[in-house]
Amino acid sequence: STFDAAMFWLGTEYLVAECWFGPTVAVLQNGVRKGQGGVAQGLFTLTGAIGNLAPSLLGIIYSRQIADDVATVSGSGSEVLS
């Protein structure tokens, strides 16, 4: 049925979409000193969590209609830094 085919391809997509994680963690662990693997993994996970929160935070900003103020401030900040 169409539903069964959709579930099959959804499962395939999940499998393929997560194939990057193992090699990425292996490279991360290999790139740091032996005693710093936990810190590196923690920071990697934290940056992922922050990245996952970004769409929600942008939605809150836009819903409060302060996006123009934020864009103005961040634009001015990037001009100062460059």
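Colleague: Which residues in α2 meet α3?

Modeller: This is a predicted model, to be clear. On the α2 side they are Phe-21, Thr-24, Val-25, Leu-28 and Gln-29. They meet Gly-37, Ala-40, Gln-41 and Phe-44 in α3.

Colleague: How many of those are nonpolar, polar or charged?

Modeller: Five are nonpolar and four are polar. The contact of α2 with α3 has no charged residues.

Colleague: And the geometry? At what angle do the axes cross?

Modeller: Roughly 135 degrees. The axes come within 9 Å. Helix α2 covers residues 21-30, and helix α3 covers residues 37-63.

Colleague: What does that make α2 relative to α3?

Modeller: Oblique. Roughly antiparallel would need an angle over 145 degrees.

Colleague: Is the crossing left-handed or right-handed?

Modeller: The crossing of α2 and α3 is right-handed.

Colleague: Let's pick on Leu-28. What does Leu-28 touch, leaving aside neighbours within four places in sequence?

Modeller: Ala-40, Gln-41 and Phe-44. Leu-28 itself sits in helix α2.

Colleague: How far is Leu-28 from Gln-41?

Modeller: They are 7.6 Å apart, C-alpha to C-alpha. In sequence, 13 residues separate them.

Colleague: What does Leu-28 count as: buried, partly exposed or exposed?

Modeller: Partly exposed, because its relative accessibility is 23%. Buried means under 20%.

Colleague: Switching to the whole chain. How much of the chain is buried?

Modeller: Buried residues are 5% of the 82 residues.

Colleague: What about the accessible surface?

Modeller: About 6900 Å² for the chain. Carbon and sulfur atoms account for 68% of that.

Colleague: Last one. How many helices and strands are there?

Modeller: Four helices and zero strands. From the N terminus, the order reads α-α-α-α.

Methods:
Residues numbered from 1 in each chain as written. Predicted model: local features only at pLDDT ≥ 70, side-chain atom pairs only at ≥ 80, totals over all residues. Heavy atoms only, no water. Axes fitted to C-alpha atoms, helices over the stretch in contact; angles between N-to-C directions. Helix = DSSP H or I, 4+ residues; strand = E, 2+ residues; numbered from the N terminus. Parallel < 35°, antiparallel > 145°, perpendicular 65-115°, else oblique. Left-handed = near helix turned anticlockwise from the far one by under 90°. Contact = heavy atoms within 4.5 Å. Nonpolar A, V, L, I, M, F, W, Y, C, P; charged D, E, K, R; others polar. Buried < 20%, exposed > 50% of the residue type's maximum accessible area, 1.4 Å probe, protein only. Areas by Shrake-Rupley, 256 points an atom, 1.4 Å probe, with all protein chains shown as cover.
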